[in-house]
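The tour goes from whole chains down to single residues.

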Amino acid sequence: MEPTGESLSPRDRHAKPAPVRSGERTWEVDPSFRPDMRVPVRVFADEELIEQIGRDRSLWQLVNVSTLPGIARAALGMPDIHEGYGFPVGGVAGTRVSDGVISPGGIGFDINCGVRLLVSELTLDEIRPVAEPLLHEISRTVPAGFGRSRRKFSLERRQLDALLEHGVPWLVEEMGFGLPEDLHFMESGGVLSWARADRVSERAKNRGHDQVGTLGGGNHFLEIEVVDAVYDERAAAELGLRKGGITVLIHTGSRGLGHQVCTDSVKHMDAVMARYGIEVPDRQLACAPFSSPPGQDYFAAMAAAANFAFGNRQMIAHMVRGVFARQFGESKGHLRLVYDVGHNTAKVERFDGEELVVHRKGATRAFGPSSPELPAPYRGIGQPIFIPGSMGTHSYVLLGTDAAQDLSLASTCHGAGRAMSRAQSKREVHGAELRRQLEADGIAIRCPSNAELAEEAPSAYKDVDRVVQVVHEAGIARKVARVRPIGVLKG
Amino acid sequence: MIAPGHRIEGHTSEVRLALQAPTLRELYEQAAAALSGVMCLGSRPAPGARPLDVRLEARDAAALLVDWLDELIYQVEQTGLVFPAPKIHVASARRLHATITGEEPVEWKTPVKAATFHDLRVEEGDDGFRAVVVVDV
């Protein structure tokens, strides 16, 4: 392990980074900015976004990330980056397997929070007349929200352990939740193979056993959408997308189980990292050498929580398929899985012959067309990436590029990115008024609380069109299609 | 001495709790009240709610504050109730013993995933204690 913990003066510690343009869509903070930086900070943005990013402390947090032992290349910020805790949301860091650390805060509490897109053969004309009752039925079927989501389905402990270790293949093959072909269209086939259920605490299992198939709260949601723009006809056709087609987007993660895995691990690493001679500028960056027992324990527990999250989205998709089948019939109402991809994970990936632990916190893996990890139908076009906007705004379907391998550790953005605190959003937006406005725009809404609705108002987020344009122009993903919501179930 | 109180402050994506109290015991009470304030709009007694005994130990006062909030978050998720008014029996920088009794939220507001170590501080001054903790929402 490299020595760490260069003493910083309070002035150095709190200095505000000023990024300098290093390319058409990239900005950098040089390692000379602070004595404890090991690599530069690099952010993908245009002029407007970099100005917006500079308003909160996300760049300062990325400078802190650049001090982690074993970090390679650069601490990266996607254009939707915003201030988080420890790592910024929209941050990516690759640490060397050989002598680097793993930091649970670099993945976050909602391990493998992610999105999956399903596509139907239905048209807008067929769905519009029944959008309200359809959304109502989905809201009755998929538990959503906080304190209201307990729960239709509970796993026995041995079943939960099986899900944690064997992921979606177990849910499909042993429990019958979903279709065998689904398994081809998920990141890592819906299972991280190094998962260990015995590395997940009883407390985490207590939180998770009855949360499989629940949406949760906060910014989680389920949307019925219509494809309203196609930028690449051939690629869209490969994904089964056509203008006017109907899709379903599910955004949720590992629920309380994942939160507890992160809580347990941060606490443990905070207590033991001094043993490894590690000092970090922010306690939430607590970490341990990847190869150490605490590092490996966390990596195995994180994978188990990631499998839980894949399973959670699988169960929700299964429930929604049931609703569509009842409404439109088995054939007409069929929902085909386009892909499922996480945006809060750590994975070992190879870059120019070097193995790195790629921490993505609020950032999406973006493998290009030549990646052997893609399912056969997507080889040659790239890995699907879904970028949710916010209620009332567009979401995007992108594809990964081979160039992203070098430019961004095969990563891209994950959403619009918050621009405004929840408190400010509630001060500026009246929940009931927002609900009326969305409904007037033809968007059916199910959200029990106007206060929660106001927290997630579109105006609280950055401009998703601009964020997506930046990743497209920077070459770290490319635009395929755009969708707009016609029904939103908010968690 | 400083009056017990708390503020829920803005943060781009999370929530920052600023706490103050003349004693550690009251500081932990304020932390519980602030957490409930984030999670729901008011609460009322829950019929049949059983008191729970909570005993925590941590390596320092800041870690103990995180543990305390995490314990409350866990119990909220397990019981579906909130815990705005704990009875704190023992409170030091490293040990906490409390009895908590759940209350029914009037309206759920913001789910809290966990307390974080980011920007975390617990400071003792001449007039009492001040703390800042960011919670992930």
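**The chains as a whole**

First things first: this is a predicted model. Chain A carries 15 helices and 19 strands. Chain B gets by with two helices and ten strands, and starting at its N terminus the order is β-β-α-β-β-α-β-β-β-β-β-β. For chain B the radius of gyration is 14 Å, close to the 14 Å that the globule rule gives for 137 residues, so chain B is as compact as a globular protein of that length. Chain A tells a similar story: a compact globule of 491 residues would have a radius of gyration near 23 Å, and the 21 Å of chain A agrees with that.

Here are the two chains side by side.

| Property | Chain A | Chain B |
|---|---|---|
| Share of residues buried | chain A: 65% of 491 residues | chain B: 59% of 137 residues |
| Accessible surface | chain A: about 16,200 Å² | chain B: about 5,400 Å² |
| Surface from carbon and sulfur atoms | chain A: 49% | chain B: 47% |

On the charge side, chain A has 58 positive and 62 negative side chains, with the centres of the two sets 4 Å apart. Chain B has 14 positive and 20 negative charges, and their mean positions are 2 Å apart.

**Aromatic rings**

Counting over all chains, the structure holds eight aromatic pairs. One of them joins A:Trp194 and A:Phe299: the ring centres are 4.8 Å apart and the planes sit at 15°, so this pair is stacked. The cut-off behind that label is a plane angle under 30 degrees.

Where do the two partners sit? A:Trp194 is in the loop between helix 6 (157–173) and helix 7 (202–208) of chain A, while A:Phe299 belongs to helix 10 (residues 293–328) of chain A, so the pair ties together parts that are 105 residues apart in sequence. A:Trp194 has 29% relative accessibility and counts as partly exposed, whereas A:Phe299 is buried, at 7% relative accessible area.

There's also a ring cluster: A:Phe185, A:Tyr339 and A:Tyr378 are linked by ring pairs.

Most residues other than glycine have a negative phi. Which way does A:Asn112 go, positive or negative? A:Asn112 has a positive phi of about 55°, although it is not a glycine. This residue is found in the loop between strand 6 (101–102) and strand 7 (114–123) of chain A. At 0% relative accessibility, A:Asn112 counts as buried.

A:Ala410 is another non-glycine residue with a positive phi, in this case about 50°. Its loop runs between helix 11 (404–407) and strand 17 (411–412) of chain A. A:Ala410 is buried as well, with a relative accessible area of 1%.

What does A:Leu241 touch, once neighbours within four places in sequence are left aside? A:Leu241 is in contact with A:Leu117, A:Val119, A:Val227, A:Ala236, A:Thr247, A:Val397 and A:Ala481. You'll find A:Leu241 in the loop between helix 8 (233–239) and strand 9 (245–252) of chain A, where it is buried with a relative accessible area of 5%. From C-alpha to C-alpha, A:Leu241 and A:Val226 are 9.8 Å apart in space, and they are 15 residues apart in sequence.

A:Gln52 sits in helix 2 (residues 47–53) of chain A. Is A:Gln52 buried or exposed? With a relative accessible area of 19%, A:Gln52 is buried, because the cut-off for buried is under 20%. Not counting residues up to four places away in sequence, A:Gln52 touches A:Ala419 and A:Lys462.

Notes: Residues are numbered from 1 along each chain as its sequence is written. Chains are lettered from A and ligands numbered from 1 in the order in which they are written. This is a predicted model: local features need pLDDT of at least 70, side-chain atom pairs count only at pLDDT 80 or more; totals for chains, interfaces and linings use all residues. Side-chain values use heavy atoms; hydrogens and water are left out. Helices (H or I, at least four residues) and strands (E, at least two) are DSSP runs, numbered from the N terminus. The radius of gyration is taken over C-alpha atoms; the globule rule is 2.2 Å times the number of residues to the power 0.38. Buried means under 20% relative accessible area, exposed over 50%, partly exposed in between (1.4 Å probe, protein chains only). Accessible areas come from the Shrake-Rupley method with a 1.4 Å probe; for residues, only the protein chains shown count as cover. Lys and Arg count as positive and Asp and Glu as negative; His and the chain ends are not counted. The place of a charge is taken as NZ of Lys, CZ of Arg, CG of Asp or CD of Glu. Rings of Phe, Tyr and Trp (its six-membered ring) pair if their centres lie within 6.5 Å; planes under 30 degrees apart count as stacked, over 60 as edge-to-face and the rest as tilted. Contact means heavy atoms within 4.5 Å.
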